[in-house]
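Please keep the sequence and the three-dimensional view at hand while going through the numbered points.

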Amino acid sequence: MGEIVIEDTHSHAHHIDPKVEYSMSKFGMWLFLGTEILLFGGLFAAYAIYRAKYATMFHEQHKELDVTLGAINTVILIFSSLTMAVGVTAIQKGKRNLLTLMLLITIICGIAFGVNKYFEYGHKFEHHISPSTSIFFALYFMMTGLHMIHVFAGIAILTVLLVLNLKGKFSAKYNTPIEVGGLYWHLVDLIWIYLFPLLYLIS
Amino acid sequence: MANHTIAAPLYVPYLDKKGILSWLLSTDHKRIGIMYLISISTFFLIAGISALLMRLELIAPGKTIVDAHQYNVLFTFHGTVMVFFFIVPGLAASFGNFLIPLMIGAPDVAFPKLNLGSYWLYLLATILLLIALLKPADTGWTFYTPYSIKSGTDVILLTTGIFVMGFSSILTGLNFIVTIHKLRAPGMTWHRLNLFVWASYATAILQLLATPVVGITLLLLIMERVFGIGFFDPSKGGDPILFQNFFWFYSHPAVYIMIIPAFGVISEILPVFARKPIFGYKAMAYSLLAIALISFLVWAHHMFVSGISEVAATIFSFLTFLVAIPTAIKVFNWTATLYKGSIQLHSAMLYALSLVFLFTIGGLTGVFLGALAVDVHLHDTYFVVAHMHYVMIGGTVMGFFGGLHFWFPKMFGKMLNEKVAKVAWAFVFIGFNVTFFPQFILGTLGMPRRYADYPPQFHSLHELSTIGSWILGIGIFIMTVNLLRGLTNGEKAPDNPYNSVSLEWQVPSPPPHENFEKIPVVTDFPYVYGKKNSQED
């Protein structure tokens with residue numbers, strides 16, 4: 001959905017003041033992020049309920065998860081948030097090439113995260129662990145799976161932004177889509193930062 | 001807008017471009033509003049016909065026209081189409097799109113392309129849902145587990161359709177919130193907004209906060225069917241009550257998504273035809289927000305007999321009573337608006353007055369049902385069916401009809417035949433009450449809802465209800481013909497046929513593409529009737 005929001009900041013059909021457009025786009029994205037948090041909120045609520053009910057099961061089964069891979073992925077995503085933030089600052093100062101580099105690194109981080117996750121899932125399936133194994137793994141696959149879909153959406157948005165930047169659409173004067181797209185990417189990171197300890201680090 | 005170099009800008013009504021593509025690709029909020037209006041009206045009529053068939057089956061005990069399974073299919077169709085195709089997008093998407101920018105003095109909504117995208121998502125969802133419903137589906141519109149997990153019908157397609165519909169609803173809400181915050185004309189302060197705009201704002205907040213939760217719930221239901229994740233399956237350690245909690249956490253606020261815009265509509269109609277400012281404007285605005293807030297705290301009153309703890313049930317029962325306070329403020333203020341007004345019984349006004357009367361019955365019976373002890377007796381009986389229809393038809397649909405008759409001249413630049421409109425209203429009002437009032441009695445006598453059959457002692461009341469449904473059907477038929485004739489043969493409408501002081505009436509009928517030649521500067525409140533600054537008195 002980010003893409004549509006971003007495109008709209010381009011529409012000058014009604015000659016709305018660019019400052020108003022900027023504040024509308026940011027406000028719109030913040031509202032959208034709020035709905036995303038509520039979407040995950042249902043899963044967090046289910047997590048809280050079932051962890052309280054089956055504390056021992058959660059503790060036993062979380063040992064099946066690969067903490068090292070999870071930790072690597074956490075570092076990758078936090079690093080990608082940094083590169084995204086550097087990219088936003090870069091274009092605000094008009095440094096288009098630096099933004100291109102930063103977007104590329106951020107996208108690569110996102111892909112690396114996905115590859116890691118692919119091996120993690122594959123490993124689980126080899127051990128005959130699937131979403132129907134238990135409530136814990138149902139939650140694990142639902143939460144990380146839904147998050148993964150958001151990572152892919154984020155990669156798609158960043159790729160569109162990268163192409164637009166290569167075409168020279170953004171400058172120090174006009175960079176709303178970069179900022180708004182960056183907000184979305186930070187949310188994707190933020191959700192993972194909650195998922196990692198909740199799923200991998202149960203004690 | 002002000003970009004014309006010529007001194008007298010050419011007036012081109014927004015309806016001028018012809019051709020289906022000029023509509024489907026238009027980002028004009030007015031055209032999108034009209035597309036929603038046509039879509040929801042069509043689905044309203046189709047789902048209404050399925051209701052007539054259900055009533056026909058119930059005219060006598062035993063099988064009349066359909067068997068029990070076909071009856072389940074019919075009520076699933078009726079419920080799902082009415083709820084998700086008509087009443088949830090409903091007045092918010094149709095009137096909201098058309099009116100919000102006009103009322104706040106903006107050229108369009110904040111994100112016009114996103115707005116069109118929402119409509120496409122709505123269309124996509126209706127296609128998915130129609131396929132699923134005609135396959136057919138038999139889970140009812142609530143998709144309660146465990147039946148929705150076991151049902152042999154295509155629940156996955158059905159829930160996917162609703163997921164997409166939810167996305168559309170979220171994006172529309174988001175668009176309206178940003179529009180109302182950022183695009184108000186100079187001088188249009190929060191306390192000068194039309195109450196319909198306040199109502200749209202409260203609705204949009206609900207759409208944004210509640211819809212994602214039903215989204216994840218339906219996603220979990222799909223996963224349950226595909227992978228057997230066991231969240232709602234006790235044999236795997238899950239809990240079917242959790243589904244109900246999740247479902248009603250959305251679906252109770254959704255009830256207010258359905259009704260609040262109608263409150264907004266009649267708050268526009270009453271002052272115009274009473275020639276008086278709305279009574280207690282601020283109380284009216286903030287009571288809408290209060291309803292929205294409280295709506296998140298009452299969901300478990302749908303589950304009093306589902307196996308929740310008595311403590312929880314008691315707390316939810318008392319919280320439910322709180323809803324009565326802001327809604328009573330509204331009914332009180334509407335009535336006070338009428339007090340000593342110069343009342344003119346325009347057809348729109350008749351529908352608005354019907355809403356005040358019928359919603360009061362619907363609302364008060366809601367208090368009965370919110371009372372724990374009473375609900376144990378009335379739960380899942382026709383009393384609930386009657387209560388719900390008094391709120392949804394007596395409230396929302398009356399507001400919808402009222403709004404249609406009220407803004408028709410602005411939307412299409414044509415006048416309606418008032419006499420026919422009033423005849424139609426009389427049929428609708430009488431037919432509605434004959435259909436649904438007996439159902440209150442049936443419910444207290446113990447007639448359970450959702451059954452295709454009943455014991456003979458309920459025969460006469462059921463028969464009466466079915467006859468009422470025909471009167472209601474005739475009324476809606478006359479109204480539909482009148483509206484269509486108005487479109488083709490109606491007299492040309494003046495810009496402001498009711499001498500309203502509200503901003504949307506100050507532009508030509510139908511409005512030009514960019515709404516305002518120049519963004520207006522607002523200096524007063526939209527209900528200044530009877531004061532020295534108003535256009536008359």
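What is the mean pLDDT of chain A, and what share of its residues reach 70 or more?

1. Confidence in chain A. The model is a predicted one. For chain A the mean pLDDT is 91, and 93% of the residues reach 70 or more. Residues 1-13 of chain A must be set apart, as their pLDDT stays under 50. Where pLDDT is low, predicted coordinates should not be read in detail.

2. Make-up of chain A. The secondary structure of this chain consists of seven helices and zero strands. The C-alpha trace of chain A spans about 60 × 30 × 25 Å along its principal axes. Of its 203 residues, 38% count as buried. When contacts in chain A between residues at least 6 apart in sequence are considered, 83% of them join residues at least 24 apart.

3. Contact between the chains. In the model, 32 residues of chain A are in contact with 36 residues of chain B. On the chain A side, the elements that give two or more residues are helix H1 (2-8), helix H2 (18-53) and helix H6 (135-166). H2(A) gives the most, with 16 residues. By class, this side of chain A divides into 19 nonpolar, eleven polar and two charged residues.

4. Helices H2 and H3 of chain B. The axes of helix H2 (residues 29-57) and helix H3 (residues 68-87) of chain B come within 9 Å and cross at roughly 155°. Because angles over 145 degrees count as roughly antiparallel, H2(B) and H3(B) are described as roughly antiparallel to each other. Their crossing is left-handed. Among the residues that meet here are B:Phe43, B:Phe44 and B:Met54 in H2(B), and B:Phe75, B:Phe77 and B:Phe85 in H3(B). The residues of this contact divide into 16 nonpolar, two polar and one charged.

5. Helices H4 and H7 of chain B. Are these two helices roughly parallel or roughly antiparallel to each other? The axes of helix H4 (residues 90-104) and helix H7 (residues 155-182) of chain B come within 11 Å and cross at roughly 15°. Since angles under 35 degrees count as roughly parallel, H4(B) and H7(B) are roughly parallel to each other. H4(B) passes H7(B) in a left-handed crossing. The contact includes B:Ala92, B:Gly96 and B:Ile100 of H4(B), together with B:Thr172 and B:Phe176 of H7(B). By class, it has seven nonpolar, three polar and no charged residues.

6. Two residues of chain B. B:Leu24 is found in helix H1 (residues 20-24) of chain B, and it counts as partly exposed because it has 14 C-beta neighbours inside 10 Å. From B:Leu24 to B:Phe263 the separation is 239 residues in sequence and 30 Å in space, C-alpha to C-alpha. B:Pro497 is found in the segment after helix H16 (459-489) of chain B. With 15 other C-beta atoms within 10 Å, B:Pro497 is partly exposed. Leaving aside neighbours within four places in sequence, B:Pro497 is in contact with B:Pro409 and B:Met415. B:Pro497 and B:Gly166 lie 331 residues apart in sequence and 37 Å apart in space, C-alpha to C-alpha.

Conventions. Residues numbered from 1 in each chain as written. Chains lettered and ligands numbered in written order. Predicted model: local features only at pLDDT ≥ 70, side-chain atom pairs only at ≥ 80, totals over all residues. Contact = placed C-beta atoms within 7 Å. Helix = DSSP H or I, 4+ residues; strand = E, 2+ residues; numbered from the N terminus. Nonpolar A, V, L, I, M, F, W, Y, C, P; charged D, E, K, R; others polar. pLDDT = per-residue confidence, 0-100. Axes fitted to C-alpha atoms, helices over the stretch in contact; angles between N-to-C directions. Parallel < 35°, antiparallel > 145°, perpendicular 65-115°, else oblique. Left-handed = near helix turned anticlockwise from the far one by under 90°. Buried ≥ 20, exposed ≤ 12 C-beta atoms within 10 Å, placed from the backbone.
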